[in-house]
Structures are given as structure tokens and as C-alpha cells.
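Hello,

Here is the structure I said I would pass on. My notes follow below it, grouped by topic.

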Amino acid sequence: MPPLFCYNEVVMDKTARILDSGEQLRFIGLARELLDKKIKEIGRQLTFHVTTFGCQMNARDSEKLIGILKDVGYVWEESEDADLVIYNTCTVRDNANQKVYGKLGYLHGFKKKNPLMKIGMCGCMMQEPSVVEKIQKSYPFVDMIFGTHNIYQLGELIYLMLGGEDEGHGVTVTKRGQVISVWDEASGIMEDLPTERKYPFKSGVNIMYGCDNFCSYCIVPYVRGRERSRDPKEIIREIERLCADGVSEIMLLGQNVNSYGHGADFDMSFPELLREVCRVEGIERVRFMTSHPKDLSDELISVMADEPKVCRHLHLPLQSGSSRLLAEMNRHYDKDKYLDLVDRIKDAIPDIALTTDIIVGYPTETEEDFLETMDVVSKVRYSAAFTFIYSQRTGTPAAKLPMVPEAVVHDRFDRLLKLVQDIGAEENGKLVGSKQVVLVEQLNEKEPGLVTGRLSNNLTVHLPGDASMIGQYVPVTITESGGFYLKGE
Ligand code: 5AD
Ligand code: SF4
């Protein structure tokens, strides 16, 4: 059987597979026994911290990690000066990688002072063999490395890291004692492992994993694997449980939710799933992330228009307004198709807020291409847009193309940012004087006496209030716009 990856001392074999959730629960129990012993030995609790980089999918994965770690018996610590720190990494742009390397040095400082401290690295960066090699070589103080398909294995990895006996399930323990498990593909979808929620009243729910789109610039399909849709019965069961536990807002998560069910052995499309989710008792709001424009169906638009529980927000990544670059990017739509889709959405759902992702400086981007992007932004009038400078990702087709000079890219980026901000402020300002409903999420971080929440259209609102309002739907009159946020009473 050919090896999957070969690191310095690590050879992974395709025959080994992650065990099922029953087996994983057994490992969580075994890890708990070892941790208990340690706690008795040292006479104090052992603490942990998980730091998340990147997207909503990573945030949800971190909740799963936290659920397992609490079950094992670790106690949450707010700072990174903890007995176990896990970095859940992102590799979509190089600056995310650099940030992680920078912070690892800082973690090493804590480790030198605390001989019990363990450091774990997981997430998208770990799916790149060159990253794992670099960590092994230059950051030998890292104790545990695992990939995006291995988070469910955390109980077993902790058990091994704490000195448990290897049962030969494909996890490698190197001579230095580093515990490593990175698969190139998932072995299936694991249900029923412990998970934690950051907020008691809202939760992300994965409906699918991976991405098959292979946009030319993007590393996600390589690090998150092929598209896999979760069984709708499992999704509904999870949401029913969450609602019974006090959750009223659900965010359905997937790299491209619109291709939910493609190639699956059940027959359900994303719009059908969305309708079912709205029927769950206790649900007030349903959101979803992310929608690829090429797969957004008329059926989805009509479900959004008919179902008041579906939030008035759609994130519709544009990437570029230039049809030439969209073709180069393998996006399967052009400028006119995108604008036509937006028109149909706005006609059907007039109060929708649209947000987007845009890349500036894709290889060969000309001033004309860039002006097409500016034109789409002016026409669509997004309430917010995430703008990114193109980052070369090794292994993607675009990495072979010539880069646009940095100064040109920065100039374009600044012009786009200004346009996005001006339009966002104008669009959001239109809500001043209107009556809305806010789901209050937290105390305001800066101003005492204020709370912060979100409207159905995802805009943030600050309003007078106290902790008793957290998790409540509160009617507000919008009094002021600060651009990307609102104030209300
Ligand atoms: N460079 C810059 N931005 C990127 N994105 C994905 N890959 C890259 C890259 N190589 C952006 C896209 C995507 C968002 C999540 O990240 O805009 O929608
Ligand atoms: Fe990346 Fe494209 Fe997949 Fe989005 S749809 S994750 S940009 S490959």
C-alpha cells in the first residue's frame, strides 16, 4: 500500500482509518483516566486553551475540540498560558500562516516556564506536508499535530500524548514523542461526539464538508477534501436537540451549501433542507454560509422569500467583476450572470442585505479588470464586503501565473476598500428610523450599559441594555449608523 505522506519519521498508511464514534468515546474515557492520574499527582487542575484562526468552519471545529477536551477533564483557561494550547489554523492566505508561526514563538515562552505545558496544532495548515515538516524541524516543542479530518480523533491523540499505549490506528508517535495524525481524505462523517457551544442561544451546524470547486487560487479543496453532505436526518436531529437546549438561531455551514446533497445517497436539496430546518420547534432564525453563485437556484430564492425564519442576509462571493478573470478563476459565472442573479434575489427579497468576498490583484489583473469589479460593487451595493489581496498558494493552478506588482495591488485595494465602505455606510444608513428586531448576543465590549446584537440581515446593533437581555429578541428603533454597525434604542 503506498504511503500517504512521508514526513521525517512519519509514514502514514491508507489502510488505517479513524475509528467510529463509539471507539472515540472509549479513547476519551482512557484519556480522562490518564489525566485524572496526572491531576492527582500534581494536586491541581490542568487547563486548556484553543485559539481559532480563519473561518466559521474552523470556529465550529474548535467547539468540537473544546467539547472533547472538557470531556477529557481539562478546564478552560482564557489566556494561552495554559497546560494545553491548541492552534486551529487557517491557510487560505499566507498571512494567516505567518501569524501562526509568529505566535508559536510566543507560546514557546510559556512552555519554557511550565514544563507540563503541551502544544497542539491542527486545522488546514496541517494538511500541507511542507508545513508539518517545517513544524517538526523548526518547532520541535510542538507535541501534537493533526489534520482537518482528524479532529474527531482528539481523545485518542490526547491519550497517546499523555503516554497511553498505541493500539495501531494510524497515529504516529515520533521518537521525540510528537503525536501526529493527518489524513488526506475523511473516512466518513462522525456523529455524536461531545461538542461545546460558544453561545447558549445560537449555534453553527455543519451540513457538508469539503469543496469540489477548485477555484484556481484556492487551497481549500486540497486541505478540506472532497464534498461530503451530512445525512439530513442527522442534521435535523442535531438542530432539534440544540433547540430543546435553548438555541433559537442556527447557522448552516458548508464551503458551498448550494451543492448540498450532490452525489449523496439521499435525495434532498439545500432549499428542501432549509424548509425542514425552519419547521423545527423553537427555531427563530436560520442563516447559512457560504453560497457559490453558480449553484444558487431559483428554488432557494423562493424559499428565502417565503420563509420569514430564513435571515435577510446572503453572502455571495464575487471574487472579481471581470468576466475574463472569472473564467480564469474557474468560477463558472460571468459578470452579467452574477448581476442578473443579484437582480432576481433583490426582486424576490427586497429587504435582503448582500455581502461578498473580493480578491484584488489576481495574477494578470489589469486596470480594466479591476474597474469591472468596482462597477459590480457600485451596482450591487453590498452592505459589507471582505476584500482580500491575492495570496499565492502552492499547489493551486494560479500559483504558476505572473503576479501583479505589489504597489499596483495596494493602490487598487485602497480604492476598492473606500468604495465598499462608502456604499456599505450608505446602504446601512437607510435603516436609520426603522423598527427592527435584534437578537442580543453579548454585553458591549467597549461601553458599559450597552449590549450588542444582530439583525436578521446580519448587521450589528448596539443598544442600551444589560446581561438579562442576552439571548432575547428585542424590538429596536435604529437611531444612528456608524457605517458597518448601527445604534438603536
Ligand atoms: N488569495 C486571496 N484570497 C483568497 N480567498 C481564497 N483563496 C484566496 C487566495 N489565494 C478568499 C476568497 C474566498 C475567501 C474565503 O477567501 O475570496 O471567498
Ligand atoms: Fe475555495 Fe472556490 Fe471552494 Fe470557495 S468555492 S472554498 S473559493 S475552491
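The buried residues of α9 pack against α8, β14, β15 (313-315) and α11 (335-348). Please keep in mind that this is a predicted model.

Which residues of α9 are buried? They are L300, I301, V303 and M304. Viewed along the helix axis, the buried residues of α9 stay within an arc of 165°, so they line one face of the helix. An α-helix has 3.6 residues a turn, so residues three or four places apart point the same way.

Helix α8 covers residues 270-279, and its buried residues are F270, P271, L273, L274, V277 and C278. These take up an arc of only 155° around the axis, which means that they sit on the same side of α8. The cover over the buried residues of α8 includes α7 (232-244), β13 (249-253), β14 (285-289) and α9 (298-306).

The loop between β14 and α9 holds T290. The peptide bond that leads from M289 to T290 is cis, and its omega is near -5°.

**Ligand 1**

Which residues are around ligand 1? They are V92, R93, Y217, Q319, D357, I359, F388, I389, Y390, S391 and R393. By type, this shell divides into six nonpolar, two polar and three charged residues.

An oxygen atom of ligand 1 lies 2.6 Å from a polar side-chain atom of Q319. An oxygen atom of the ligand also lies 2.9 Å from a polar side-chain atom of R93. On the backbone side, a polar atom of S391 is 2.8 Å from a nitrogen atom of ligand 1.

How much of ligand 1 does the protein bury? Taken alone, ligand 1 exposes 400 Å², and the protein buries 86% of that. Two elements give two or more residues to the shell, namely β16 (353-360) and β17 (384-389).

**Ligand 2**

Ligand 2 has C211, N213, F214, C215, Y217, C218, V220, P221, Q255, H292 and R331 around it. This shell is made up of seven nonpolar residues, three polar ones and one charged one. Y217 is listed around ligand 2 and is also listed around ligand 1.

N114 is found in the loop between α3 (94-113) and β6 (118-123). Is N114 buried or exposed? Its relative accessibility is 13%, and a residue counts as buried under 20%, so N114 is buried. Leaving aside residues up to four places away in sequence, N114 touches R44, A82 and D83. With D83 there is a polar contact between the two side chains, at 3.0 Å.

K99 is in helix α3 itself. Its relative accessibility is 53%, and the cut-off for exposed is over 50%, so K99 counts as exposed. Between the C-alpha atoms of K99 and V438 the distance is 34 Å, and the two residues are 339 residues apart in sequence.

**Other loops**

For T364 phi is about 75°, and for N458 phi is near 80°. T364 belongs to the loop between β16 and α12 (367-380), while N458 belongs to the loop between β19 (450-454) and β20 (460-464). T364 is partly exposed, with a relative accessible area of 31%. N458 is partly exposed as well, with a relative accessible area of 25%.

Where is A467? A467 lies in the loop between β20 and β21 (473-481). At 45% relative accessibility, A467 counts as partly exposed. G449 is 18 residues from A467 along the chain, and their C-alpha atoms are separated by 9.4 Å.

Regards

Technical notes
Residues are numbered from 1 along each chain as its sequence is written. Chains are lettered from A and ligands numbered from 1 in the order in which they are written. This is a predicted model: local features need pLDDT of at least 70, side-chain atom pairs count only at pLDDT 80 or more; totals for chains, interfaces and linings use all residues. Side-chain values use heavy atoms; hydrogens and water are left out. A residue is near a molecule or strand if one of its heavy atoms lies within 4 Å of it. A polar contact is a pair of N or O atoms within 3.5 Å; within protein, one must be able to donate a hydrogen and the other to accept it, and residues adjacent in sequence count only if both atoms are side-chain atoms. Accessible areas come from the Shrake-Rupley method with a 1.4 Å probe; for residues, only the protein chains shown count as cover. Helices (H or I, at least four residues) and strands (E, at least two) are DSSP runs, numbered from the N terminus. Ala, Val, Leu, Ile, Met, Phe, Trp, Tyr, Cys and Pro count as nonpolar, Asp, Glu, Lys and Arg as charged, and the others, Gly among them, as polar. Buried means under 20% relative accessible area, exposed over 50%, partly exposed in between (1.4 Å probe, protein chains only). The arc is that of the directions from the helix axis to the C-beta atoms. Contact means heavy atoms within 4.5 Å.
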